[in-house]
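Here is a short briefing on one chain. Start with the sequence and the model below.

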Amino acid sequence: MKNLFTLLVLFLVSNGVNAQHVYSVNYESQADVKVFVVDYESQADLKVYKVQYSSQASGNDGKWFFVDYESQAKKSIYFVKYESQADLKIYFVDYESQAGWINNSKKQLMY
């Protein structure tokens, strides 16, 4: 019975995965979104803060949790080498309060 409860909890948690749970794939063809990391905040479409815990990544607000397995993610991303190849340009911020969209027209990429 305890094992059944544990499996049920794991199932519910895994189905509640949000779009901000991302997995970095090895090949461009595997990705939902191609991402380029810019050098300056002003160049970005989205300012991203990498959270420590899965529960902190809720909504489409730039708080990303990188999962260990592609099956746990709602979005798979590929980091491209050149800005012109990207669907989305991001800038990693140091504080959670800095995360958020700069270019709202790109928001649908992470839903």
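Trp64 is buried, at a relative accessible area of 0%. Buried means under 20% relative accessible area, exposed means over 50%, and partly exposed lies in between (1.4 Å probe, protein chains only). This is a predicted model: local features need pLDDT of at least 70, side-chain atom pairs count only at pLDDT 80 or more, and totals for chains, interfaces and linings use all residues. Residues are numbered from 1 along each chain as its sequence is written, and side-chain values use heavy atoms, leaving out hydrogens and water.

**Rings**
- Rings of Phe, Tyr and Trp (its six-membered ring) pair if their centres lie within 6.5 Å; planes under 30 degrees apart are stacked, over 60 edge-to-face, the rest tilted.
- The count is one aromatic pair.
- Trp64 and Phe66 have ring centres 6.0 Å apart and planes at 65 degrees, so the pair is edge-to-face.
- Phe66 is partly exposed, with a relative accessible area of 28%.

**Charge over a ring**
- The charged end of Lys50 sits over the Phe92 ring, 5.6 Å from its centre.
- The rule asks for NZ of Lys or CZ of Arg within 6 Å of the ring centre and within 35 degrees of the ring normal.

**Fold**
- The chain has one helix and seven strands, as DSSP runs (helices H or I, at least four residues; strands E, at least two) numbered from the N terminus.
- From the N terminus, the order is α-β-β-β-β-β-β-β.
- Of the contacts (heavy atoms within 4.5 Å) with a separation of 6 or more, 78% join residues 24 or more positions apart.

**Burial**
- Of the 111 residues in the chain, 33% are buried.
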